[in-house]
Structures are given as structure tokens and as C-alpha cells.
Amino acid sequence: MKRLSALVLLIILVSLPFLSLAAQFEPSHAIAYLEAKFTCGCERGGSGAMIGKYGMVTAAHNLYCQYHSQPLKYCNFYFGAKSVNSCWYRHTGKFTYRAYTRFTNGYNSADDIGYIVFDTPVGNKTGWFGWRTGSDSYLNEEYTHVQTYDYSRHLQEVFSIQYVRDSKQIYWKGWTSGAEGGPVYFWYEGMEYPEVVGVYTSHDSYGNGYGRRLTTNVVDDMRAAGAF
Ligand SMILES: [Zn+2]
């Protein structure tokens, strides 16, 4: 009996660091409000989510002006924002980025995704989401979380059934608007970490929200750029 108690205690002690690591991940800390200004002079508020120690996914229209196709002049990141004056971690350091469209032929949501790779391991301060490049059958008719900041920098959430629109896009029913680029993710019972499957790109006047899927080529490019 004593030996069994000792074994149980040992198992608890050995698993404690893992339990506490999982418990410490706070999704809102890994989602940033983006304060972007482009070289054309336009400004934009956006959202983005860390999916690696160095890497964030966001909408392409937070990285290039969707009206003038011009790149960022600067971007400040407010992780875990609570208001315009309060956040968990503010980052203003160097980064590289890439978008899959620069809107030279106007706005299109199908390629409205991009990524940021920070020069420093920002994820050590914020934590980061898991990710998954889901197949059509995996992504269709599944409950999904969508989180994005509004322009007062309060995090808004939609929990809804999502559907596959095509090979690059998903959509869901439910109010979604504000600073686009936030994560679309699955987090079911039994999953240790939430998994990002796309980014929120746009919405229509019927109350549907649209997202760009996190496809294999995006993840491969992010890996090559050092996002993980
Ligand atoms: Zn512009």
C-alpha cells in the first residue's frame, strides 16, 4: 500500500509541469490587436494570432493596403488587449512578413491571409496556438471558435457551426465584425491546445462570417521563414 501511494505521488509530481503548462495557456494572450499604418498613409486596426514561437497568422489586408496595394510603414502589436490603454504584452520590435495577395486587382477574400515572423521569440511572452491544415471533411459542419478584436480592442467571440466554401475558404453563421485577421480555431474536449484552422477575413450583410483556411503551403512557407 505504501509503495502504491509512493508511485501515485511520483506520477503526480512528474506530470505537474505538463499540467501547469497546459493550464497556463491563455488564448487571448496569443491574439494581438494590430495597429497598422501603410506607406500610402492609410491606417488599419487588425487582429492576428501566434501559432509558433516566432510566427503569427493574420489577414493579408493587415499587411498591405487593400485599396492602394502599399506595404506597411509600421505595425504595433497589443497582445491580450483589454482596452485601448491596457494589454498583456505590447510588441514594437522588428519583423518580416508576407501576404498571399497585395490586392492589385481589388479585394478578394480567397487569398486574404499572410504571416508575420518576429525577430525575437514573442511566443515566450504570449504562448501560441496549435494549428491544423484540415481537409474539407474535417472542417465542414464543425463547431468552431472565431475570435477578433473590435475597434475598442475588446476581444469578441463567435462560437458557431462552420462550413467549407471552397478549397481556400470557410464560412459560419453568426455576428462577426471588427478588426479582421483573428483566429478561427477548434478546441474540443480532450484537445490540450486549441488548433487554428483559418483566419477571419470578412463578413457579409446577412450575418455570415468568412475565413481563409490555413493551407499546407502557408504553413510550409512559415516553417521555412522560421515561424516555429
Ligand atoms: Zn492605402
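Strands, as named here, are DSSP runs of E with at least two residues, numbered from the N terminus.

The model is predicted. Its mean pLDDT is 91, and 89% of the residues reach at least 70.

Start with T58. This residue belongs to strand β3, residues 55-58. Is T58 buried or exposed? T58 is buried, because 30 other C-beta atoms lie within 10 Å, and the cut-off for burial is 20 or more. Its contacts, leaving aside residues up to four places away in sequence, are L34, G46, S47, G48, L63, G114, I116, G181 and V199. T58 and G182 are 124 residues apart along the chain, yet their C-alpha atoms are separated by 6.4 Å.

Now the backbone angles. Most residues other than glycine have a negative phi. S69 has a positive phi, near 60°. S69 is partly exposed, because 15 other C-beta atoms lie within 10 Å, a count between the exposed limit of 12 or fewer and the buried limit of 20 or more.

F103 is the other case. Its phi is also positive and near 60°. Where does F103 lie? F103 is in the loop between β6 (95-99) and β7 (114-118). F103 has 19 C-beta neighbours inside 10 Å, so it counts as partly exposed.

Conventions
Residues are numbered from 1 along each chain as its sequence is written. This is a predicted model: local features need pLDDT of at least 70, side-chain atom pairs count only at pLDDT 80 or more; totals for chains, interfaces and linings use all residues. Helices (H or I, at least four residues) and strands (E, at least two) are DSSP runs, numbered from the N terminus. Two residues are in contact if their C-beta atoms, placed from the backbone, lie within 7 Å. pLDDT is the predictor's confidence in each residue, from 0 to 100.
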